[in-house]
Amino acid sequence: MKTMKLDSIDCKLLEILQRDGETQVAELAAQVGLSPTPCWRRVQRLKEAGVIARNVMLVDRDKVNVGATVFVSVRTSTHSQEWFHRFRAAVEAIPEVVEFYRMSGDVDYLLRVVVPDIAAYDKVYQRLIAGTQLFDVSSSFAMEELKFTTALPLSYVD
């Protein structure tokens, strides 16, 4: 798929929508200097092109009792496709795992897990190691969240 060319108005729309996806078209239009109809068309074009991938609501983790964040580093001595498919399925079946990455360097995989406490994390850990053979699992609890955003930087847009 060809990359869509974004102009400064598109970038401004994306900045606003990343802060508040419920911003009304009239307010968006006023902030970027367009009338509502062309503004709405631009937003639709961004959606159709996949630049806006989806609309979501962010939930306060503390209010749903998953305020503890755990970063889990996984190393494996097995790198077959069969093993990876089993491991990926095991990880995807654990709702507490909210991010999952294949890494370069000393760590093979990195997971971000949200839970209420250490006891809840231990249950997640037990499920994680039950289905697959792992060489090493190292867990680090975040002591304090210093920055969290879902907004992507737009300064790299061509």
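A search of the whole structure finds 9 salt bridges, each a side-chain nitrogen of Lys or Arg within 4 Å of a carboxyl oxygen of Asp or Glu. The model is predicted: local features need pLDDT of at least 70, side-chain atom pairs count only at pLDDT 80 or more, and totals for chains, interfaces and linings use all residues. Residues are numbered from 1 along each chain as its sequence is written, and side-chain values use heavy atoms, leaving out hydrogens and water.

**A salt bridge**
- The side chains of D7 and R42 meet in a salt bridge, at 2.9 Å from N to O.
- D7 lies in the segment before helix 1 and R42 in helix 3 (residues 36–48), so the pair ties together parts that are 35 residues apart in sequence.
- Helices (H or I, at least four residues) and strands (E, at least two) are DSSP runs, numbered from the N terminus.

**Helix 1 and helix 2**
- The axes of helix 1 (residues 8–19) and helix 2 (residues 25–32) come within 10 Å and cross at roughly 135°.
- Axes are lines fitted to C-alpha atoms, for helices over the stretch in contact, and angles run from 0 to 180 degrees between N-to-C directions.
- That makes helix 1 oblique to helix 2; angles under 35 degrees count as roughly parallel, over 145 as roughly antiparallel, 65 to 115 as roughly perpendicular and the rest as oblique.
- Helix 1 contributes I9, K12, L13, I16, L17 and R19 to the contact, and helix 2 contributes L28, Q31 and V32; contact means heavy atoms within 4.5 Å.

- Four strands form an open sheet, in the order 2-3-1-4 with antiparallel pairing.
- Strand 2 (97–102) and strand 4 (136–141) stand at the edges, each with a single partner strand, so one side of each is left without a neighbour in the sheet.
- From one strand to the next, the twist averages 20°.
- Two strands pair if DSSP finds at least two bridges between them.
- Strands of a sheet pair through backbone hydrogen bonds, either parallel or antiparallel.

**Partners of strand 1**
- Strand 1 (residues 68–75) pairs with strand 4 in the antiparallel sense over 6 bridges.
- S73 has S138 of strand 4 as its bridge partner.
- Strand 1 also runs antiparallel to strand 3 (residues 109–115), joined by 7 bridges.
- The bridge partner of V74 in strand 3 is Y109.
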